[in-house]
Amino acid sequence: MSNTISQFFAALNREEAKFTPRFANDRLGIDLRCALNELNWVHYHVTRSEELTHNEMEGYYVLQVGITRFIYNSFTSLPSFDVPVVLFPRDPGMARTVMETVSALGMIQHGRRVAQRALMGTGAIEVDEQGVFR
């Protein structure tokens, strides 16, 4: 594996690690429940739309790959939740915060997919003088 791709994977892992405290502190699974509810809400509206714009399709993709990382991190950060099920009414403020995390994880996961393509030889990753990956 090239040094640049290794550095890129390491940078993605460091970015994802920033969310570890959030998952470790979600002892009731409220963030997880909120994320799933929000994805359900978005999916409901996406599937009923006549035609999605490119930005809407891209955003939906990021949420889909982000939610898988969110679920994985939620379940691996704690041995179990303190209660088996949590239900609550939708809170737009909480939803916004959780979906920002889901989106960030989605971008990180997309970066991993780009790096995997580069490893297969169907793409490339470069790093500039400022340490920014392209």
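The largest pocket here has a volume of about 160 Å³; a pocket, on a 1 Å grid over the protein atoms alone, is an open set of points where a 1.4 Å probe fits, with protein on both sides within 12 Å along at least five of seven lines. That volume is the space filled by probe spheres set on the points, with grid points joined across faces, edges and corners. Keep in mind that this is a predicted model: local features need pLDDT of at least 70, side-chain atom pairs count only at pLDDT 80 or more, and totals for chains, interfaces and linings use all residues. Residues are numbered from 1 along each chain as its sequence is written, and side-chain values use heavy atoms, with hydrogens and water left out.

**The chain overall**

- You'll find 5 helices and 0 strands, where helices (H or I, at least four residues) and strands (E, at least two) are DSSP runs numbered from the N terminus.
- The C-alpha atoms fill a box of roughly 45 × 40 × 25 Å along the principal axes.
- Of the 134 residues, 34% count as buried; buried is under 20% relative accessible area, exposed is over 50%, and partly exposed is in between (1.4 Å probe, protein chains only).
- Take the contacts (heavy atoms within 4.5 Å) between residues at least 6 apart in sequence: 82% of them join residues at least 24 apart.

**The pocket lining**

- Lining residues have an atom within 4 Å of a pocket point, and for the largest pocket they are L28, G29, L32, R33, L36, F75, F81, V83, P84, V85 and V86.
- Helix α3 gives the most to this lining, with 3 residues.
- By class, the lining has 9 nonpolar, 1 polar and 1 charged residues; here Ala, Val, Leu, Ile, Met, Phe, Trp, Tyr, Cys and Pro count as nonpolar, Asp, Glu, Lys and Arg as charged, and the others, Gly among them, as polar.

**The nonpolar core**

- In soluble globular proteins, nonpolar side chains tend to be buried together.
- In this model, the largest nonpolar core has 25 residues, and F70 and V102 have the most contacts inside it.
- The elements giving two or more residues to this core are α1 (3–17), α3 (30–47), α4 (54–77) and α5 (92–120).
- Helix α5 gives the most to the core, with 8 residues.
- A nonpolar core is a set of buried Ala, Val, Leu, Ile, Met, Phe, Trp, Tyr and Cys residues joined through side-chain atoms within 4.5 Å.
- Skipping its neighbours within four places in sequence, F70 touches F23, D31, L32, A35, V98, T101, V102 and L105.

- Y61 is in helix α4 and counts as partly exposed because its relative accessibility is 26%.
- Beyond its neighbours within four places in sequence, Y61 is in contact with H110 and R113.
- The side chains of Y61 and R113 make a polar contact at 3.3 Å, meaning a pair of N or O atoms within 3.5 Å; within protein, one must be able to donate a hydrogen and the other to accept it, and residues adjacent in sequence count only if both atoms are side-chain atoms.
- Y61 and R27 are 34 residues apart in sequence and 28 Å apart in space, C-alpha to C-alpha.
- Q109 sits in helix α5 and counts as buried because its relative accessibility is 16%.
- Leaving out its neighbours within four places in sequence, Q109 is in contact with V65 and R69.

**D128, after the helices**

- D128 lies in the segment after α5, and at 17% relative accessibility D128 counts as buried.
- The D128 side chain reaches the backbone nitrogen of V132 at 2.9 Å, and a polar contact of 2.8 Å joins the side chains of D128 and R134.
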